[in-house]
Amino acid sequence: ERAGVKEYWIIDYLHHAAHFYRLNEQGMYILQSPDADGNYESPLLPGLKLHAPTLWTDPLPGYSAVGDAVRAMLGGK
């Protein structure tokens with residue numbers, strides 16, 4: 001908090017948990033929740049939508065699927 005890091009994420013693969021913390025106006029970290037579908041969006045990364053449940057899939061999506069998802073978030077560019 002003292003360093004002013006605006007946001008941090010803790011991704012715990014062993015417990016299938018993702019925690020997203022954002023610094024508020026008072027300088028304290030507040031836990032942010034993904035939406036009902038498990039998506040997390042950060043104002044610091046406009047257009048990025050992280051689907052947290054995908055982090056626990058086995059196997060994880062390949063490079064091509066990740067690239068397609070990023071392109072879709074950027075409007076198909």
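The exercises below walk through a predicted model of one protein chain, each with a worked solution.

Residues are numbered from 1 along each chain as its sequence is written. Because the model is predicted, local features need pLDDT of at least 70 and side-chain atom pairs count only at pLDDT 80 or more, while totals for chains, interfaces and linings use all residues, and side-chain values use heavy atoms, with hydrogens and water left out.

**Exercise 1. The chain as a whole**

Task: Describe the order of helices and strands in the protein chain, and state which element has the lowest mean pLDDT and which the highest.

Solution: Begin by counting the elements, which are DSSP runs numbered from the N terminus (helices are H or I with at least four residues, strands are E with at least two). The protein chain has 1 helix and 5 strands, and along the sequence these follow the pattern β-β-β-β-β-α.

Next, turn to pLDDT, the predictor's confidence in each residue on a scale from 0 to 100. The chain has a mean of 89, with 97% of its residues at 70 or more. Among the elements, the lowest mean, 83, belongs to helix α1 (residues 63–73), and the highest, 97, to strand β3 (residues 29–32).

Finally, consider extent and cover. The C-alpha atoms fill a box of roughly 40 × 35 × 25 Å along the principal axes. The accessible surface (Shrake-Rupley method with a 1.4 Å probe; for residues, only the protein chains shown count as cover) comes to about 5900 Å², and 59% of that surface belongs to carbon and sulfur atoms. Of the 77 residues, 17% count as buried, where buried means under 20% relative accessible area, exposed means over 50%, and partly exposed lies in between (1.4 Å probe, protein chains only).

**Exercise 2. The surroundings of E7**

Task: Work out whether E7 is buried or exposed, and find which side chains it pairs with through polar contacts.

Solution: First, locate the residue: E7 is in strand β1. E7 counts as buried because its relative accessible area is 13%.

Second, look at R22. The side chains of E7 and R22 meet in a salt bridge, with an N to O distance of 3.0 Å; a salt bridge is a side-chain nitrogen of Lys or Arg within 4 Å of a carboxyl oxygen of Asp or Glu. This pair links distant parts of the chain, with E7 in strand β1 and R22 in strand β2 (residues 17–23), 15 residues apart. Side chains of opposite charge can pair when their charged atoms come close.

Third, look at S42, which sits in the loop between β4 (39–41) and β5 (49–51). S42 is buried because its relative accessible area is 7%. A polar contact of 2.9 Å joins the side chains of E7 and S42, where such a contact is a pair of N or O atoms within 3.5 Å (within protein, one must be able to donate a hydrogen and the other to accept it, and residues adjacent in sequence count only if both atoms are side-chain atoms). The side chain of S42 also has a polar atom 3.0 Å from the backbone nitrogen of L44.

Not counting residues up to four places away in sequence, E7 touches Y21, R22, Y40, S42, P43 and L44. With neighbours within four places left aside, S42 is in contact with E7, R22 and L48.

**Exercise 3. Helix α1**

Task: Identify the salt bridge partner of D68, and then find which residues M73 contacts beyond its sequence neighbours.

Solution: D68 forms a salt bridge with R71, and the closest N and O atoms are 2.6 Å apart. Because D68 and R71 are 3 residues apart in helix α1, about one helical turn separates them. D68 is partly exposed, with a relative accessible area of 42%, and R71 is also partly exposed, at 39%. A search of the whole structure finds 2 salt bridges.

Now move to M73, likewise in helix α1, which is partly exposed at 25% relative accessibility. Leaving aside neighbours within four places in sequence, M73 is in contact with G47, L48 and K49. The C-alpha atoms of M73 and K49 are separated by 7.1 Å, although the two residues are 24 apart along the chain.

Terms used. Contact = heavy atoms within 4.5 Å.
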